[in-house]
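Please keep the viewer at hand as you read.

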Amino acid sequence: MGIKTIRLPDVGEGVTEAEVTEILVKPGDLVREDDPIAAVMTDKATVEITSAYSGKVIWIGGEVGKTLAIGSDLIRIEDESAGGDDTVPSLTPAEAQPAPASTPSMAAQTESCPLKASPSLKVVETRPNAITATATPPRAEGAAVLASPAVRARAKEAGIDLRQVVGSGPAGRITHADLDHLFHNAGQALPRNPSGPETVETVKVVGLRRMIAKRMSEANATIPHITVVEEVDVTEIEALRVKLNEARGDKPKLTILPLIAAALVKAKESCPKIFARYDDDAEEVHYSNAVHIGIATMTEAGLMVPVVRNAQALSPYQLAGEITRLSEACREGKAKREELSGSTITITSLGPLGAIATTPIINKPEVAILGVNRMAVRPSWNGSAFVPRTMMNISASFDHRIIDGWDAAVFVQRMKTLLETPALIFMKD
Amino acid sequence: MTDLSCKVLVLGAGPGGYVCAIRAGQAGLDTIIVEKAAPGGTCLNVGCIPSKALIHAAEQFHAVAEAATGNSALGITTASPKIDLSKTMGWKDGIVRQLTGGVGGLLRKAGVRKIEGEARILDGKTIEVRTAEGLSRISCESLVIATGSVPIEVPSLPFGSNILSSTEALSLQQVPETLAIVGGGYIGLEIGTAYAKLGAKVTIVEAKAQILPQYDAELSKPVLARLKALGVEVHLNAQAAGYENGVLRAKTAVGELKIAARKVLVTVGRRPVIAECGVADLGLDMQGRYIKINGKCQTSMRGVYAIGDVTGEPMLAHRAMAQGEIAAAVIAGEAANWDKRAIPAVCFTDPEIVVVGQLPEEARAVNAEAAVATYPLRANGRAMTLERTDGFVRIVHEKASGLVLGIQAVGAGVSEFAGEFALALEMCATLTDIAATIHAHPTLGETVQEAALAGLSKALHA
């Protein structure tokens, strides 16, 4: 019989003490060689300690939560050997037996792990190195930051302040492995600005931009938007437009926009609720018998919305002329106040930049906005074959406080019908 | 008047300036360098390189002269040697020409335009250069001031005739019979030792209580011993007062000394070239008499950088070079800043001194853990075979961690240790790192390993 002492082994370079996080045996227990007996946590990792001997546990030196110095007595075991007392720092690599199969929860040992040579010590959990906002700073105040020139250069390149990095090397030297760890935890190295130190230009938000910002955030914050996107076959209306343009003489050239405006005017007959102004302070909705269409227009200073007034009274050519006149007035800064207000619905079109769908923001106090997306030739199934059709999506947003989903859907379907069968636009009841 | 413009304008083509210009050129920046003399600055033309050539020649001559006395332990006998110093100087000038020509070639290869002439700074973005062809004005985005330093004159001993600065002392055509040196710093000692070996009667006058006053007495002691052996007279706590009729007067506590001297070499330090080229008019923030810079070599004026001797001590070529690289990198938009742990310093005295990092007193002043491990050259086999066992290696370190804080050595040939010492500092080596590195046998370098072992209380050969 002999009493063997298992001491807390050196669990990592630079580690002087460790906290006992688990004790897996109690006095009287029989343990076999390589059985796990305890787990300790250093500032780097949690390490499982296994027994170097088989025998009966007779004394336990620590309790969970207690911090023990490396080399202090951890557990004493009474074994069957004839020899006298013997003390080992757990297992040393030379006498280590191959460990039993790792449990699935055990993390693989990393390359940088100083415990690699010792199979009795398993890194079961690696804590990220404290980088910033640690309770304790990486080194005493005023102490030199130790890192080789290569490590310093790498840190500089990645924009890392080495003063904030914990060094695991001798004398607290910051190693490449420490940086690897840092990068691993950060996900990736931070990209560097190739054109030199970052410069930031400050631009004051004034004038039209400030107005746009204020109105956009107000509209977006107060209006619960519902957006409906629908696909429209515009082959017919495009063909019509081409023919009208061929025969226009000295009338203004037609784009799709005046035709959509004309369709909008027609849609009002069946969907009057969509054309409105909602005074939410007064909790009143105002319906006009006229159609005033706002046309979202890009100018150098920003977005403006000139208004085609009494669109119901204008022919497509007149609509085209009016849209052109207003957008030019806006771009030249000559638009009058009354030309910029009073719309009952707005069209927003980015032409070829119109994407396949958008989520337009309503031009408050209106209750709907019609977004026009890009036109493109797409294959369409006509029942027996794929045929090329010119397709265009419309994305319309509605103020859900006033417009129910049903009404929105009916309006969008009406627009689809009118645009797909352009003759309907010009039919009088 | 011709007008030129560039992105980077470097003022002065010394070690700092030319390195900065080459790096800037390599980075693809349109660069102009302005220099009034040959490229290479003080270092290549009238400093490091010429003095090392003279020191080598003096050592060769001295070895033969020693043998001629019949006292050679090696059994060599020879007739008394002679030296034609003008021929020696011709050989030295050849080396200088080769090196300055090399710098010119490197600048060309990097695409740097070189303009020869006297420059004057007009503002932070414009300078005027008086060239052989006339005035030209150069405007730039970034200005790098690398105008260097010149020897300080002592009012009572104005340069000229028999009163020499280091520049003239490195171009003498004859060995003076007697040479007095005012200032016992490394420049005076290097040149003084060389002339003593060439046969001059050399006297050194130092105002402080010690030669090489910036280092500790332990380091300078073997040098002092060797000076005495070479017959050099050293007067400490002595102030040079004037020179008339071949006699240098010096005041001491015990009265006035009269020192016979055909030539007087004044080496009391160097001052930055700031007033001469209009740098002073820029109104830059100063630190004492030097231009104040930050870790990126930036001055207080945006776009104006300063490197080298104008930025202060230590006035060493390799410091200027390192700063030149940083300034160019910063201008090129790279992340660069001064993060060196050590600037090695070498005195090519006899024996040589290498100083890297903290001296023992400096370390002890800030670190209670500081300790010193020393190993003497007399226990080194290679030193014995070189007939030079004077000197030692000393490692200043932190006791508990073994972190190396500084390494110094004194000994013949130890200047070549500068690289290992600096590497140890930059790599943040511990005593164990050095002790566990095989140092080839038989070399002087074994003493470094032995000193580290001694620091670990594991000395082998002691």
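Predicted model: local features only at pLDDT ≥ 70, side-chain atom pairs only at ≥ 80, totals over all residues.

Chain A holds seven helices and 20 strands. Of its 429 residues, 33% are buried. Among the contacts in chain A with a separation of 6 or more, 64% join residues 24 or more positions apart.

Next comes the meeting of the two chains. Here 12 residues of chain B are in contact with 15 residues of chain A.

Now to the domain. An unreviewed UniProt entry lists residues 146-183 of chain A as "domain: Peripheral subunit-binding (PSBD)". That stretch of chain A is 47% helix and 0% strand, and its end C-alpha atoms lie 19 Å apart.

Helix H1 of chain A covers residues 149-158, and its buried residues are Val151(A), Arg152(A) and Ala155(A). Viewed down the axis of H1(A), these buried residues fall within an arc of 100 degrees, so they line one face of the helix. As background, an α-helix has 3.6 residues a turn, so residues three or four places apart point the same way. What do the buried residues of H1(A) pack against? Their partner is helix H2 (176-186) of chain A. After H1(A) comes Gly159(A), which has a positive phi, near 70 degrees.

Notes
Residues numbered from 1 in each chain as written. Chains lettered and ligands numbered in written order. Helix = DSSP H or I, 4+ residues; strand = E, 2+ residues; numbered from the N terminus. Buried ≥ 20, exposed ≤ 12 C-beta atoms within 10 Å, placed from the backbone. Contact = placed C-beta atoms within 7 Å. UniProt positions renumbered as here; feature names shortened; annotations may be inferred. Arc of directions from axis to C-beta.
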